[in-house]
Amino acid sequence: MRCYIWGTNNQSDRAQQGRGVACFAIPDWGLQFRAIQDGNADTCETAALLGLLRFIENNPKVFEGERVEVLTDAAQLVEQLKGSLPIEPYLRGSFAAIRTL
């Protein structure tokens, strides 16, 4: 099952703080989720992944036996998850939760 995540705060500088969104979608179900997220672009993207993983965790019967593929255009997030880029201190708690889930 393909799931998509997306997060942004629409600031010209990714590091700039602002109000943004964290989103995930599961097209096979016609499901879209959007939530307001404060922070920089990295915070919003990380919150989108964390939101999706918590949704999966809270619906175990639906996802039982499913192969879940998470797709994103957030290259930095992917590289941080692979261990190729360092994780900023303010995101370490979120990454710990992502790894746990």
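Trainee: What should I know about the source before we start?
Mentor: This is a predicted model, where local features need pLDDT of at least 70 and side-chain atom pairs count only at pLDDT 80 or more, while totals for chains, interfaces and linings use all residues. Residues are numbered from 1 along each chain as its sequence is written, and side-chain values use heavy atoms, with hydrogens and water left out.

Trainee: Which strands does strand 1 pair with?
Mentor: Strand 1 (residues 2–8) runs parallel to strand 4 (residues 69–71), with three bridges joining them. With strand 2 (residues 18–26), strand 1 forms an antiparallel pair over five bridges. Two strands pair if DSSP finds at least two bridges between them. Strands (E, at least two residues) and helices (H or I, at least four) are DSSP runs, numbered from the N terminus.

Trainee: Which residues are bridge partners in strand 2?
Mentor: Trp6 is partnered with Cys23, and Tyr4 with Ala25. On the strand 4 side, Arg2 stands opposite Glu69.

Trainee: How many bridges link strand 2 and strand 3?
Mentor: Nine bridges link strand 2 to strand 3 (residues 31–39), in the antiparallel sense. Phe24 stands opposite Phe33 of strand 3. The hairpin of these two strands has four residues between them, and Gly30 takes a positive phi near 70° there.

Trainee: Is strand 2 mostly covered or mostly uncovered?
Mentor: Strand 2 is mostly covered, with seven of its nine residues buried. Buried means under 20% relative accessible area, exposed over 50%, and partly exposed in between, using a 1.4 Å probe and protein chains only.

Trainee: Changing topic, what is in the largest nonpolar core?
Mentor: That core has 20 residues, and Ile5, Ile26, Leu49, Leu52 and Leu77 have the most contacts inside it. Strand 1, strand 2, helix 1 (41–57) and helix 4 (92–100) each supply at least two of its residues, and helix 1 gives the largest share, six residues. A nonpolar core is a set of buried Ala, Val, Leu, Ile, Met, Phe, Trp, Tyr and Cys residues joined through side-chain atoms within 4.5 Å.

Trainee: And what does Leu52 touch?
Mentor: Leaving out residues up to four places away in sequence, Leu52 touches Cys3, Ile5, Phe24, Ile26 and Val70. Contact means heavy atoms within 4.5 Å.

Trainee: How many residues of helix 1 are buried?
Mentor: Twelve of the 17 residues in helix 1 are buried, including Asp42, Glu45 and Leu53. At the start of helix 1, a side-chain oxygen of Asn40 reaches to within 3.1 Å of the backbone nitrogen of Asp42.

Trainee: Why does Glu45 count as buried?
Mentor: Glu45 counts as buried because its relative accessibility is 7%. Beyond its neighbours within four places in sequence, Glu45 is in contact with Ile5, Gly7, Arg14, Ala74 and Leu77.

Trainee: Which residues of helix 4 are buried?
Mentor: Phe95, Ala97 and Ile98 are buried in helix 4. They lie on the same side of helix 4 because they cover an arc of only 160° around the axis, taken from the directions from the helix axis to the C-beta atoms.

Trainee: What do those buried residues pack against, and which exposed residues are on the face turned away?
Mentor: The buried residues of helix 4 pack against helix 1 and helix 3 (75–82). The face turned away from the buried side carries the exposed residues Arg92, Gly93 and Thr100.

Key. Polar contact = N/O pair within 3.5 Å; in protein donor to acceptor, adjacent residues only side chain to side chain.
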